[in-house]
Amino acid sequence: MRFPTSLALLTVPLLLATSGCFAGEQAAEGPTSDRIKIAMLQPPRFGLTPFSDDAFKLSRWSTAETLVKLDADGNALPGLATDWTRTSDTAWELTVREGVKFHDGSDLTADAVVNTLTRAGKASPKPRILDGVQLTAQAAGNKVTVTTATPDPLVPQRLSSPQLAILAPGAYAEDGKVNPVGTGSGPVELVEVGGTSTATLDRFDGYWGEKAKASGLDVSFVPDGTARAASVRTGEAHIAETIPVSQAALLDPALLTEVPMPRTNTLYLNTRSGPMADPALRAAVREAVDAEEIVKGVYEGRADVAKGLLGPALPWTVDEREPLADRTAPGAANGASITIGTFTDRAELPEVASIVQQRLEDAGFTVKQDVREYAHIEQDALAGKFDVFILSRATVLDSGDPVAYLRSDFTCGGSFNLAKLCDPAVDAAVQAAEGAEAGPERRAAILAAEAAILRTDAGIPMLHERVIQADAANVADSVKDPRERALVTSATHLR
């Protein structure tokens, strides 16, 4: 829900008081002076199971850890695995770190790693990072051998995905449910989840690495961007993620950090049914939308006009992308009736939807909107109930490599294929990119796959976002992560 600025400032205290938003208020009976209060954008949608996108919350809180970590350039670094070796085209051997305790007191072992990876492979739906990947794991001593059905040069990067975080065996129930409370291995322990409102984490003194400086985290889920921004201004939160552009001007610039990120605002067009099944009408949508108008008007210049699905957060895409030829010519809309869907959790998207609606009506379409909270619209979007869906989408969320995103969103078997695209040329191009070795060969294959997707007009990229994070003046060493994997670490504390 969007408020005029003046009204928002008056209503925020009431919103916070009546909704019980902030977990830090619940901890008033004990010492909280060095506890960090965090206001996050989206509440858990899948009970914080690591096999879903909720895994990125566990990662951002530093409560669940992966075998491999990534540096800023996407190179693999040791995590719960200390080293790894490729032993054949399809097999990798990893050494499991010794001396690691899970929060429930059990030990990290090779068998525990195999348990997690095996369950991830059998999960329904699978973690996105395993789309199209048949992965098996076997333990021997403190070694784990990970085998794939086909050669995969990015196995270490895949194992860095928060969706493959290693939890204690006790986290996994026979019915497939996963409970991360008290079962991670990070410097802070998840001790309580208040439904979709709050989460409480305490410092884990048995951590194998650098101990957390803060005594804990008090997390609140605040989908309303106005309230989230106000929470830092009023002292209700020390850190607030994803500040809406419209609210950034109301905060002290010294409290804000703006980071270009691999996140693209894209129109997903339903290629399976309805008017958008016609390639000429998809091309008409492409020609009608003015991305520069949206960047200037809605994002106040705090975004980059998209030249492709992948943006300037991956500089090589800008340098190496070739101009796209062989585009479908736009057809006449002739009053075709279409429905645009999007969600309110990202405050800019309803405004984007209104501008897109106006431009499509100018082009001859008859347009209506359906705008809800993401939790209430995702299933309809996945079911193909919209002709056009506007999504803010991270493009290298899982492995530091965009191929998983291209497969997930645009191939026949993709688990997040909102466009319902099933194009043999696209599938072949994505498959070629998956098998390419890291470096120039892989970059060229990725851009070829991007071009194949763009030619279908199933996904029409409009702009690449920048993340705006607000930290109170007394916050030290929080993380401003373009991949949205990290937010607080052992080093994060209050001055």
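This is a predicted model: local features need pLDDT of at least 70, side-chain atom pairs count only at pLDDT 80 or more; totals for chains, interfaces and linings use all residues.

Student: Where does Asn 265 sit?

Tutor: Asn 265 is in strand β12, residues 256-269.

Student: And what does Asn 265 touch, not counting residues up to four places away in sequence?

Tutor: Its contacts include Tyr 299, Leu 349 and Val 352, then Ile 390, Leu 391 and Ser 392. Among the others are Ile 460, Pro 461, Met 462, Leu 463 and Glu 465.

Student: OK, now Lys 368: buried or exposed?

Tutor: Lys 368 is exposed, with a relative accessible area of 53%. You'll find Lys 368 in strand β15, residues 366-372.

Student: What is Lys 368 in contact with, leaving aside neighbours within four places in sequence?

Tutor: Lys 368 contacts Ile 338, Thr 339, Ile 340 and Gln 357. Take Ile 340: Lys 368 and Ile 340 are 28 residues apart in sequence, and their C-alpha atoms are 6.3 Å apart in space.

Student: Let's switch to sheets. What's the strand order in the open sheet with four strands?

Tutor: The order is β4-β5-β7-β6, and the pairing is antiparallel. β4 and β6 (135-140) are the edge strands, each pairing on one side only. On average, neighbouring strands in this sheet are turned by 20° against each other, ignoring direction.

Student: How many bridges are there between β4 and β5?

Tutor: Strand β4 (residues 81-86) pairs with β5 over five bridges, in the antiparallel sense. A hairpin of four residues links β4 to β5. Arg 86 has Trp 92 in β5 as its bridge partner.

Student: And on the other side of Trp 92, what stands opposite in β7?

Tutor: Val 146 in β7 stands opposite Trp 92. β5 and β7 (residues 143-148) are antiparallel, with five bridges between them.

Student: How many bridges join β6 to β7?

Tutor: Six bridges join β6 to β7, again with the strands running antiparallel. Val 146 turns up here too: in β7, Val 146 is the bridge partner of Ala 137.

Student: Which helix packs on the sheet?

Tutor: That's helix α4, residues 110-122, which touches β5, β6 and β7. The direction of α4 makes about 165° with that of β6.

Student: How many of the residues in β5 are buried?

Tutor: Five of the six residues of β5 (residues 91-96) are buried, so the strand is largely enclosed by the rest of the structure.

Student: New topic, helices. At what angle do α13 and α15 pack?

Tutor: Helix α13 (residues 403-410) and helix α15 (residues 440-456) pack at about 25°, and their axes are 11 Å apart. That angle is why α13 counts as roughly parallel to α15. Their crossing is left-handed.

Student: Which residues make that contact?

Tutor: On α13 they are Val 403, Leu 406 and Phe 410, and on α15 they are Arg 442, Ile 446, Ala 449 and Ile 453. Sorted by class, the α13 contact with α15 has six nonpolar residues, one charged and no polar.

Student: What about α13 and α14, parallel or antiparallel?

Tutor: Helix α14 covers residues 424-435, and α13 packs against it at about 155° with the axes 10 Å apart. The two helices are therefore roughly antiparallel to each other. The crossing of α13 and α14 is left-handed.

Student: Who's involved in that contact?

Tutor: α13 uses Val 403, Leu 406, Arg 407 and Phe 410, while α14 brings Val 426, Asp 427, Val 430, Ala 433 and Glu 434. That contact of α13 with α14 has six nonpolar, three charged and no polar residues.

Student: Then the last pair, how far apart are the axes of α14 and α15?

Tutor: The axes of α14 and α15 are 8 Å apart, at an angle of about 165°. α14 and α15 are therefore roughly antiparallel, and their crossing is left-handed.

Student: What meets what there?

Tutor: Among the α14 residues are Ala 425, Ala 429, Ala 432 and Gly 435, and the α15 side includes Ala 445, Ala 448, Ala 452 and Thr 456. By class, the contact of α14 with α15 has 12 nonpolar, two polar and two charged residues.

Technical notes
Residues are numbered from 1 along each chain as its sequence is written. Side-chain values use heavy atoms; hydrogens and water are left out. Axes are lines fitted to C-alpha atoms, for helices over the stretch in contact, and angles run from 0 to 180 degrees between N-to-C directions. Angles under 35 degrees count as roughly parallel, over 145 as roughly antiparallel, 65 to 115 as roughly perpendicular and the rest as oblique. A crossing is left-handed if the near helix is turned anticlockwise from the far one by less than a right angle, and right-handed if clockwise. Contact means heavy atoms within 4.5 Å. Ala, Val, Leu, Ile, Met, Phe, Trp, Tyr, Cys and Pro count as nonpolar, Asp, Glu, Lys and Arg as charged, and the others, Gly among them, as polar. Buried means under 20% relative accessible area, exposed over 50%, partly exposed in between (1.4 Å probe, protein chains only). Two strands pair if DSSP finds at least two bridges between them.
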